[in-house]
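Please keep the sequence and the three-dimensional view at hand while reading.

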Amino acid sequence: MLLAADNGQLTALCLLDLTAAFDTVHHELLMLHLVQQFGIHGVALDWCRSYLRGRSFHVIYGHSTSATIHVVCSVPQGSVLGPRLFILYKADLAEVVLKHNVNIYVFTSDMQLYCYYLCDEMSATTVQLERCLAEVSHWMSANRFKLNPDETELLWAGSKYRPSSRGSMGLSLEIDWGTVMASDHVHMLGVTFSSDLSPVKHVSGICAACFYWLRQLRRV
């Protein structure tokens, strides 16, 4: 993903997080996706269904055992097939996003929506993202997913020579679950991205962590 285009355009980046994403995959909806979107039928479909069917769990503590819970949703984490079924389950989300001329990048339960804009197009881009997020929210509800509003972040990124068009100076997004305020930096997959595209914030965080552990070693 590029945070700035070569032709001087700026970038609007919205980070989304799904709450307990792997645990909310509904088995019957997943089977429906496999049939309608990927044409999986017959023995292959039966095999996928049998992989998920009949799962249950209970908790044993001391001499007490809880009631047995039959699992009607979720895919097994740590398995080979589980993450692949999760990807297939939400594959059509990309179509929802792309029809709004917004790009999408997905890493398991983390999603990044981004688009490029010119300096005088921030208001139009805000409306574009709001419409896209509204439809994404509806898609999430229909597919039993839940967005985590506390982990939703917005970054207006661009050149340091355009300070009025980036970071917390940018416009906020009004979504049905609340207001998403613009930030000066966001955290994505362990990397801190700043609105001026400078690595200073990220490098400072790494240095601070290194000095902390060095001090711990000196105390040993």
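Trp156 has a relative accessibility of 0% and therefore counts as buried. The model described here is a predicted one.

**Trp156 and its partner**

- Trp156 and Tyr117 form an edge-to-face aromatic pair, with 5.2 Å from centre to centre and 85° between the planes.

**Strand S8**

- Five of the five residues of S8 are buried, so the strand is largely enclosed by the rest of the structure.
- Leu154 and Trp156 point one way from S8, while Glu153, Leu155 and Ala157 point the other way.
- S8 pairs with S1 in the antiparallel sense over five bridges, and within this pairing Glu153 of S8 is the bridge partner of Leu15.
- S8 also runs parallel to strand S11 (residues 182-183), to which two bridges join it; here Leu154 stands opposite Ala182 of S11.

**The sheet**

- Strands of a sheet pair through backbone hydrogen bonds, in either a parallel or an antiparallel manner.
- In this model five strands form an open sheet with mixed pairing, in the order S6-S7-S1-S8-S11.
- Strand S6 (103-107) and S11 stand at the edges with a single partner strand each, so one side of each has no neighbour in the sheet.
- S6 and S7 run antiparallel and are joined by five bridges; Asp110 in S7 is the bridge partner of Phe107.

**Helix H5**

- Helix H5 covers residues 122-142, which makes 21 residues, and it reaches 30 Å from its first C-alpha to its last, close to the 30 Å expected at 1.5 Å a residue.
- The buried residues of H5 are Met122, Thr125, Thr126, Leu129, Cys132, Leu133, Val136, Ser137, Trp139 and Met140.
- Seen down the axis of H5, these buried residues fall within an arc of 160°, so they line one face of the helix.
- Exposed residues of H5 lie on the face turned away from the buried side, namely Ala124, Arg131, His138, Ser141 and Ala142.
- The buried residues of H5 pack against several elements: strand S1 (10-17), helix H3 (81-89), helix H4 (93-98), strand S7 (110-117), strand S8 (153-157) and strand S9 (173-175).
- After H5 comes Arg144, which has a positive phi, near 70°.

**Two single residues**

- Ser137 is found in helix H5, and its relative accessibility of 11% is why it counts as buried.
- Apart from its neighbours within four places in sequence, Ser137 is in contact with Asp176 and Trp177.
- Ile175 is found in strand S9 and counts as buried because its relative accessibility is 9%.
- Leaving out residues up to four places away in sequence, Ile175 touches Glu130, Leu133 and Val180.
- The C-alpha atoms of Ile175 and His70 are separated by 35 Å, and the two residues are 105 residues apart along the chain.

**Other aromatic rings**

- A pair of aromatic rings is described by the distance of the centres and the angle of the planes.
- The count of aromatic pairs in the model comes to eight.
- Phe22 and Phe86 form a stacked pair, at 4.4 Å centre to centre and with 20° between the planes.
- This pair also links distant parts of the chain: Phe22 is in the loop between S1 and helix H1 (27-36), Phe86 is in helix H3, and 64 residues separate them.
- Phe22 and Phe86 are both buried.
- One aromatic cluster is formed by Phe22, Phe86, Tyr89, Trp139 and Phe145.
- Arg55 lies over the face of Tyr51, at 4.9 Å from the ring centre.

Notes
Residues numbered from 1 in each chain as written. Predicted model: local features only at pLDDT ≥ 70, side-chain atom pairs only at ≥ 80, totals over all residues. Heavy atoms only, no water. Helix = DSSP H or I, 4+ residues; strand = E, 2+ residues; numbered from the N terminus. Expected span 1.5 Å × (residues − 1). Buried < 20%, exposed > 50% of the residue type's maximum accessible area, 1.4 Å probe, protein only. Arc of directions from axis to C-beta. Contact = heavy atoms within 4.5 Å. Pairing = 2+ DSSP bridges. Phe/Tyr/Trp six-rings, centres within 6.5 Å; stacked < 30°, edge-to-face > 60°. Lys NZ or Arg CZ within 6 Å of the ring centre and 35° of its normal.
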